[in-house]
Amino acid sequence: MNRIIKIVPVLMLFVLMASCSSVKVASDYDKNADFSQFKTFAFYKTGIDNAEISDLDKRRILRAIEAELMAKGFTKSENPDMLVSIFTKSREKVNVYNNNYGYGPYGYGWGWSPYYWNSGFNSVSTSTEGTLYVDLIDANKKELVWQGMGVGFISQQMEKKEERIKEFVAKIMEKYPPGMAK
């Protein structure tokens, strides 16, 4: 039983770390839109300029979206059927880990004991949770026809950032076109 009590915190940490690496996605669309008519796309500069992220991250996102759309058979055009825009939100999350596991001579487990030799440890970390919206707009009607959203944790390490952005976009674009999603 004591061994199980010692293993549980480690397992909880692994579950927490694994859950942080995933992207949660959702999408919504106009049920009256004929998605088969959309064959070409262009980026909607006005909407993209309003996204509150760095220009470098905007370019990373747009390259990832372009790659996903081209893989689905779309072509980039000066006279597109569909306009692509993005919107982002982020928030800092503060994580406090309080491990008061005692290692006293009497084998006390979780909780307080006056006989502690080691009082455990506390740690605080922060992480950034980001939300990316990808809007697809009917270029002729100037109406939103599809919106995909991804929520997940953003890497601050530059070498991992591009990979993470590609993962976000790929997960979101799996939902397009409606009815064809995995």
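1. Let me start with Lys45, which counts as exposed because its relative accessibility is 57% (buried means under 20% relative accessible area, exposed over 50%, partly exposed in between, with a 1.4 Å probe and protein chains only). Please keep in mind that this is a predicted model, where local features need pLDDT of at least 70, side-chain atom pairs count only at pLDDT 80 or more, and totals for chains, interfaces and linings use all residues. Residues are numbered from 1 along each chain as its sequence is written, and side-chain values use heavy atoms, with hydrogens and water left out.

2. Lys45 forms a salt bridge with Asp49, with the closest N and O atoms 3.0 Å apart (a salt bridge is a side-chain nitrogen of Lys or Arg within 4 Å of a carboxyl oxygen of Asp or Glu). The two are about one helical turn apart because they are 4 residues apart in helix α2 (residues 45-49); helices (H or I, at least four residues) and strands (E, at least two) are DSSP runs, numbered from the N terminus. Asp49 is partly exposed, at 43% relative accessibility. By this rule the count comes to 7 salt bridges.

3. Another salt bridge joins the side chains of Glu66 and Lys76 (3.2 Å, N to O). This pair links distant parts of the chain, with Glu66 in helix α3 and Lys76 in strand β3, 10 residues apart. Glu66 is partly exposed at 22%, and Lys76 is partly exposed at 46%.

4. In helix α4, Arg164 and Glu167 lie 3 residues apart, about one turn of the helix, and their salt bridge has its closest N and O atoms 2.8 Å apart. Arg164 counts as buried, at 10% relative accessibility, whereas Glu167 is partly exposed at 28%.

5. β2 runs parallel to strand β3 (residues 75-76), joined by 2 bridges (two strands pair if DSSP finds at least two bridges between them). Thr75 in β3 is the bridge partner of Thr40.

6. Two backbone details deserve a glance. Most residues other than glycine have a negative phi, and most peptide bonds are trans. Lys142, not a glycine, has a positive phi of about 55 degrees and sits in the loop between β5 and β6 (143-154). The peptide bond from Tyr176 to Pro177 is cis, with omega near -5 degrees.
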